Amino acid sequence: MKKSNLLCALGACVLALLTTTINAEVLPLEGRLETSPGSGVYLAWYDPNLNITWSANADINGSGNWVNQVAGAAGLTIGCVGGWRLPSADVNGDGTVVDCTGGGVIGCEDNEMGYLYWEEGITGSSPGPFSSLQSTNYWSGTEYDSTFKWLFNFNIGSQVAGHMDAGIYSWAVHPGDISPVVSPRGDMNGDGNVDAGD
């Protein structure tokens, strides 16, 4: 009797944890790299759910093959910030691409474009704060094999593999929050003191 009660309690805890994970509140995107103070126009949007920053322009490099799109994202400088890449379809690198179809999928945050579409509601027809989001396929930076790479479709939210030579759109993301740390005026090294010559 004690063993079955323990198993029931353990099962209830696991179910509560899974329900909490699936129903976790999706935090809103936050604007970054404002074009001019107070304009409300941003060059990028920080995603606190995934801890990445998306370029505001979802079609910054047009369409192209996978190799050129990987290089194009890596070579971008947006608002004096470099270090961009294509979105990952396998953030944890375990070789499994999570299909987020329908939303509320455990582990969906492992698929950056899938999460953005299914959990945050960003689609080709409802792009939120982003400009030029196409209702079609976008390259991920994740390889399916040596000649096929993972794609995500912003029209229907599907994840498929595409041949690396195909002309496909790309969207640049940056790891973490690119919001610059602003020191008080005159404190150039961030130590809290006004520096000489400022």
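**The sheet, the hairpin and their side-chain contacts**

Tutor: In this predicted model, 4 strands make up an open sheet in the order S1-S2-S3-S9, and their pairing is antiparallel. The edge positions belong to S1 and S9; each has a single partner strand, so one side of each lacks a neighbour in the sheet. From one strand to the next the twist averages 30°.

At the S9 end of that order, the partner is strand S3, residues 52–55, and the two pair in the antiparallel sense over 3 bridges. Within this pairing, Thr53 has His174 of S9 standing opposite.

Arg32 forms a salt bridge with Asp177, with 2.7 Å between the closest N and O atoms. Glu30, at 32%, is partly exposed, and Asp177 is partly exposed with a relative accessible area of 35%. In general terms, side chains of opposite charge can pair when their charged atoms come close.

A further pairing of strands involves S5 and S6. Strand S5, residues 137–143, and strand S6, residues 148–153, are antiparallel and pair over 4 bridges. Together S5 and S6 form a hairpin, with 4 residues between them. Here Glu143 stands opposite Lys149 in S6, and these two residues also form a salt bridge whose closest N and O atoms are 3.0 Å apart. Lys149 is buried, at a relative accessible area of 1%, whereas Glu143 is partly exposed at 48%. Lys149 has an aromatic contact as well: it lies over the face of Trp66, at 4.7 Å from the ring centre. Lys149 is therefore a buried residue that takes part in a salt bridge with Glu143 and sits over the ring of Trp66. For the structure as a whole, the count of salt bridges comes to 4.

A search of the whole structure finds 12 aromatic pairs. One of them joins Tyr117 and Phe152, which are edge-to-face, with 5.6 Å from centre to centre and 65° between the planes. This pair too links distant parts of the chain, since Tyr117 is in helix H3 (residues 112–118) and Phe152 is in strand S6, 35 residues apart. Tyr117 and Phe152 are both buried. Tyr138 and Phe154 have ring centres 5.4 Å apart and planes at 85°, so this pair is edge-to-face, as the class requires an angle over 60 degrees. It links distant parts of the chain: Tyr138 is in strand S5 and Phe154 in the loop between S6 and strand S7 (159–163), 16 residues apart. Tyr138 is buried, with a relative accessible area of 0%, and Phe154 counts as buried at 1%. The residues of both pairs belong to one aromatic cluster formed by Trp54, Tyr117, Trp118, Phe130, Tyr138, Phe152, Phe154, Tyr169 and Trp171.

Across the whole structure, 1 disulfide is found. The disulfide joins Cys100 to Cys108, with an S to S distance of 2.1 Å. The link of Cys100 and Cys108 is right-handed, with 115° about the S-S bond, and both cysteines are buried. Cys80, by contrast, has a relative accessibility of 78% and counts as exposed.

Note on methods:
Residues are numbered from 1 along each chain as its sequence is written. This is a predicted model: local features need pLDDT of at least 70, side-chain atom pairs count only at pLDDT 80 or more; totals for chains, interfaces and linings use all residues. Side-chain values use heavy atoms; hydrogens and water are left out. Two strands pair if DSSP finds at least two bridges between them. A salt bridge is a side-chain nitrogen of Lys or Arg within 4 Å of a carboxyl oxygen of Asp or Glu. Buried means under 20% relative accessible area, exposed over 50%, partly exposed in between (1.4 Å probe, protein chains only). A disulfide is a pair of cysteine sulfur atoms within 2.5 Å. Rings of Phe, Tyr and Trp (its six-membered ring) pair if their centres lie within 6.5 Å; planes under 30 degrees apart count as stacked, over 60 as edge-to-face and the rest as tilted. A charge sits over a ring if NZ of Lys or CZ of Arg is within 6 Å of the ring centre and within 35 degrees of the ring normal. Axes are lines fitted to C-alpha atoms, for helices over the stretch in contact, and angles run from 0 to 180 degrees between N-to-C directions.
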